[in-house]
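Trainee: Could we go through this model together, beginning with the terms we need and then moving on to the details?
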Amino acid sequence: MSSDADTIVYLLNVATLLYKTFGLFIIVVSTIGNICNCFVFLCIRSLNKHPNALFVIGSSIGSLLYINIGLFSPIISVFSQFNPINRWLFWCKISAWLYYSAGCFSFICICFSALDQFLLTLPRIKWQRLITRIRAQFMILFTAIIWLIIFLPLLIFANHIQTSATTFTCTISVPIISVYSTYWIIIGYYFLPIILILILFCLTRYNLKQFLRRRRNLESAMVRVMLIQMSVILISGIPTSICIIYSLATKYSTKTYLRSVYESVILLAFVLFTFFTNGISFWVYLFASKMFRKHIKDSISKLKLFKNRLTIFSTSSTTRINVLH
């Protein structure tokens, strides 16, 4: 018994350490990356001229919300023993609603981006131009509204349950709503995106070998980068989805506390890895694509040149004023 108790304490410490180190690292890296994604694909003309940029921006916004909402409260709780979800009812309701909605929205936008990249590898021009900016905007807006509506019951039924005289726990007051949201997150965040990305990954890779061997433009480079991103997502998403399905299948099975803790820590590690792969798209683009780095460098150099011109203009204007006086 004492050895089991020591193992449980050790595993709980491992979970705490994962939040303190890997969780905090994910928040910093993903937040910087997602903000840079939005800035780059909004402000650099050579990168935002294609509708795919809108999908990258949508995915980055969803990822930013999903990761920060999902990790903010647990990490605050680990460091300070203060959990905003259990303290504020408004945050309990809004965080559950936005967390699930943003996660599914982010991955569906990645699917849209993968679909767009697949269309770019097709030989016919009409298929390459099937997704326009207007259609991309409509797809993003429609997807966001759909997921917000699907997870609206979480906003309504998330509530505080008093566990002691001074503490509360955020939970879903109606058990069937909890099951409903769990199945939808499996469908929208794991099952559906992974299947779509896997299919599009195979088709795009095939087309890339057939039609883009001699193309050296930005679009073909970005397709290759998207293939790398999709493979990273598949590596993290498939084992995590298997763990979640296993947890649901054995939810009502009799388990020892030690086994439950083991399963929770393993699932936490996989979920954190999924958070990580969801939030590193900017860094994948940056390190995997020379063309992407070149456009960022050119944009920064132009910005510096503009600043230098302003400085010269300001200096010359000041000199003229002094001469006049």
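Mentor: Let us begin with a definition: a disulfide is a pair of cysteine sulfur atoms within 2.5 Å. This is a predicted model, in which local features need pLDDT of at least 70 and side-chain atom pairs count only at pLDDT 80 or more, while totals for chains, interfaces and linings use all residues. Residues are numbered from 1 along each chain as its sequence is written, and side-chain values use heavy atoms, with hydrogens and water left out.

Trainee: OK, how many disulfides does that rule give?
Mentor: The count comes to one disulfide, formed by Cys-92 and Cys-170 with their sulfur atoms 1.9 Å apart. The link of Cys-92 and Cys-170 is right-handed, with 75° about the S-S bond.

Trainee: And which parts does the pair Cys-92 and Cys-170 tie together?
Mentor: Cys-92 lies in helix H5 (residues 89-120) and Cys-170 in strand E2 (residues 168-172), so the pair ties together parts that are 78 residues apart in sequence. Helices (H or I, at least four residues) and strands (E, at least two) are DSSP runs here, numbered from the N terminus.

Trainee: Are those two cysteines buried or exposed?
Mentor: Buried means under 20% relative accessible area, exposed means over 50%, and partly exposed is in between, using a 1.4 Å probe and protein chains only. Cys-92 counts as buried at 0% relative accessibility, whereas Cys-170, at 22%, counts as partly exposed.

Trainee: Switching topic, what does the overall fold look like in numbers?
Mentor: The protein has 13 helices and two strands, and buried residues make up 43% of its 325 residues. With contact meaning heavy atoms within 4.5 Å, residues 24 or more positions apart account for 77% of the contacts with a separation of 6 or more.

Trainee: Which residues does the "transmembrane region" annotation cover?
Mentor: According to the unreviewed UniProt entry, that annotation covers residues 22-42, 54-76, 96-115, 136-158, 183-204, 225-249 and 261-288. UniProt positions are given in the numbering used here, feature names are shortened, and annotations may be inferred rather than shown by experiment. In the model, residues 22-42 are 100% helix and 0% strand, with the end C-alpha atoms 30 Å apart; the span 96-115 is also 100% helix and 0% strand, and its end C-alpha atoms lie 29 Å apart.

Trainee: What does Asn-34 touch?
Mentor: Not counting residues up to four places away in sequence, Asn-34 touches Ser-60, Ser-63, Leu-64 and Gly-279. Asn-34 lies in helix H1 (residues 2-43) and is buried, with a relative accessible area of 1%.

Trainee: And Thr-143, what are its contacts?
Mentor: With the sequence neighbours up to four places away again left out, Thr-143 touches Phe-105, Ile-108 and Phe-112. Thr-143 is found in helix H7 (residues 133-150), where its relative accessible area of 7% makes it buried.

Trainee: How many salt bridges are there?
Mentor: A salt bridge is a side-chain nitrogen of Lys or Arg within 4 Å of a carboxyl oxygen of Asp or Glu, and by this rule the count comes to two. Arg-259 forms one with Glu-263, the closest N and O atoms being 2.9 Å apart, and both residues lie in helix H11 (residues 257-278), four residues apart, about one turn of the helix. Arg-259 is partly exposed at 33% relative accessibility, while Glu-263 is buried at 17%.

Trainee: Where is the salt bridge of Lys-294?
Mentor: Lys-294 pairs with Asp-298, and their closest N and O atoms are 3.1 Å apart. The two residues are in helix H13 (residues 290-324), four residues apart and therefore separated by about one helical turn. Lys-294 is partly exposed at 44% relative accessibility, and Asp-298 is partly exposed at 31%.
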